[in-house]
Amino acid sequence: MRITVESKNDALIAYNILEKRIINSGFCTLCGACEAACPTSALHINGEKVNRLHDCSKDLDLCPICYEICPHSEALLLRSLSFVADAPIKNEALGYYRKIVLAQAVDSKLREQSHGGAVVTSLLKYGIETKFFDSAIVSQSEPENPAKPKPSVALVPDDILSAIGSKFFPSSVAKAYGKAVYGHGKTDIAFVGVPCHVLALRKMEAWQHKIIDNLKITIGLFCFGTFSLSSLLEYITKKYKIKPSDIKRLRLSSKFEVQTENDVIQIPLPEIKEHILPSCRTCTDFTSELADISVGGAYPLKDWSTVIIRTKAGEDFFYEAVKNGVINTWVIEQEPKVFERIVVAAMQKRTEALKEAKEMEKVYGYLPVLLLRETDALAHIKIEEIMAKNIKTVPQDMTVSQFLDFVAIHHHIGYPVINEKGEPVGWVTLEEASSVAKKKRDATLVGQIARRKLVVAYPDETALDAFKRMSENETGRVLIFDRENPKKLMGVVTKRDLMHTLTK
Ligand SMILES: Cc1cc2nc3c(=O)[nH]c(=O)nc-3n(C[C@H](O)[C@H](O)[C@H](O)COP(=O)(O)OP(=O)(O)OC[C@H]3O[C@@H](n4cnc5c(N)ncnc54)[C@H](O)[C@@H]3O)c2cc1C
Ligand code: SF4
Ligand code: SF4
Ligand code: SF4
């Protein structure tokens, strides 16, 4: 591994590290958190770059803020996770949550304009109208370039309605949050952003930055990545002869859809993959795991969104909107395909990001994205203290179709597979099951697709032993057996359990 050596001065003035590791390395996603949080107003996003307006080291001997609160630095990650860690469900792919439901705006006109169920717009409109919050941070479109997000402070329902729909380019929403606090004096702010935006705000919360006291609720969007504005628009202009000002709307489904006044072109996603920002390639969070409420698509259902409710504040607000007739809900357990798609997308994003991160570590000498690293703290915890007991198992003669329905009800990703004597003989996950062709799912048994090699640990070993075994075997979980009776399954430990332990 390459080691990056920073000078003493670099470590004292965070901007030096931020510039070297994040800005100049191309990892910045322009969230604007550093600008909002800087105590000397030294930073300013202009165009597609963070600029330094003056040398803050002339005023300060020490300031760690901008690097620590940047969502792409390794600082404060576990502390940020602790804000959602009291939720009852700990899911390997989707993070902590209380409930997952399908939802849509009752107002069908809003649904037509959005890319999903218009749940975010309906919640924000309801919150402003009922004075649950006094403003909301949204991303409208620049009038002269509709593809370009315009981060804004929404003060009235019309501001919210004009931000409906997804913009697939970076939006400096954390900067707009700073403007809501300092410029508008707002004290109860709703915030909408993609996972790295939400992480930036949680890091400010972990840092106990004074502006975070004004945050009322965070709504996170699911996110596969954002594109570089200049690079993708240049490509579309060159290849498809469409000027940015002619773009009326961009839409993402299985293809990237560019709509103009008279035409719609569909671009296959692999064709524009290289225009995705570098940070997105190592980003492990698909579903905004740190938000109070996360919202994403509900494919294959049209006009519906998937809503993951993570915190008590999120739950109270969401169900108040439901009770007041703004939002319709539907049970996700009745739609196993929706659950399957989200979990598989989240797992794939994480797996690909970790692979990419390992490659990048060789080049850059440090790895900002991992929540979980080998740490001495894990050596002081016994597996028996943290393992999940009474785990659900599945029989090896269960069909893949039955298994997928079972997963949608029980919400875990992986299960031990047992034989007719009740002995564990393998391990099966939703990812493996969903890769079985749809028409073969009724005739394929989980015993046929289960991984036969079990990664094993014992209750008297340490959490660090479990973590090392996961890393050696490139798996996210170990099965815990009784030392005296090697066929007796005692529990399971996942990477999520280890992270949960560390947040405490
Ligand atoms: C870059 C990006 C990638 C996404 N990728 C996926 C994906 O792979 N799978 C998936 O299921 N869902 C994805 N989503 C989420 C999805 O597109 C919808 O935003 C989400 O389902 C909410 O739908 P809605 O109808 O409730 O939102 P709406 O009611 O239409 O409200 C959308 C809200 O999103 C905000 N917003 C729009 N663009 C941005 C932006 N760039 N940054 C911050 N806030 C923004 C607006 O302010 C608006 O308030 C992505 C969203 C974005 C912005
Ligand atoms: S003063 Fe601002 S730019 Fe300088 S290190 Fe602190 S936060 Fe960063
Ligand atoms: S805090 Fe946001 S804007 Fe600042 S460097 Fe990090 S990603 Fe970029
Ligand atoms: S993929 Fe991750 S880093 Fe990229 S925009 Fe989405 S949340 Fe941010």
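**Exercise 1. Identify which of the 33 residues around ligand 1 come nearest.**

Solution. Start from the ligand and gather its neighbours, where a residue is near if one of its heavy atoms lies within 4 Å. Of the 33 residues around ligand 1, T121, S139, S166, K167 and G297 come nearest. Before going on, a word on the model: it is predicted, so local features need pLDDT of at least 70 and side-chain atom pairs count only at pLDDT 80 or more, while totals for chains, interfaces and linings use all residues. Residues are numbered from 1 along each chain as its sequence is written, chains are lettered from A and ligands numbered from 1 in the order in which they are written, and side-chain values use heavy atoms, with hydrogens and water left out.

**Exercise 2. Find backbone atoms that lie close to polar atoms of ligand 1, and say how much of the ligand the protein buries.**

Solution. Look for polar contacts, pairs of N or O atoms within 3.5 Å.
- V119 places a backbone N or O atom 2.8 Å from an oxygen atom of ligand 1.
- A polar backbone atom of G165 is 2.8 Å from an oxygen atom of ligand 1.
- For F224, a backbone N or O atom lies 3.4 Å from a nitrogen atom of ligand 1.

Now turn to area: ligand 1 taken alone exposes 910 Å², and the protein buries 95% of that (Shrake-Rupley method, 1.4 Å probe).

**Exercise 3. Which element gives the most to the shell around ligand 1?**

Solution. Helices (H or I, at least four residues) and strands (E, at least two) are DSSP runs, numbered from the N terminus. At least two shell residues come from each of α7 (119–129), β6 (135–142), β8 (189–193) and β13 (293–297). The most come from α7, with four residues.

**Exercise 4. Describe how α7 packs with α14 (residues 312–323).**

Solution. The angle is about 90°, and the axes are 10 Å apart. α7 is therefore roughly perpendicular to α14 (65 to 115 degrees). Next, list the contact (heavy atoms within 4.5 Å): V119, L123, Y126 and G127 of α7 meet F317, F318, E320 and A321 of α14.

**Exercise 5. Locate the cis peptide bond that joins Y299 and P300.**

Solution. Omega between Y299 and P300 is about 10°. P300 is found in the loop between β13 and β14 (305–309). For context, most peptide bonds are trans.

Key
Polar contact = N/O pair within 3.5 Å; in protein donor to acceptor, adjacent residues only side chain to side chain. Axes fitted to C-alpha atoms, helices over the stretch in contact; angles between N-to-C directions. Parallel < 35°, antiparallel > 145°, perpendicular 65-115°, else oblique.
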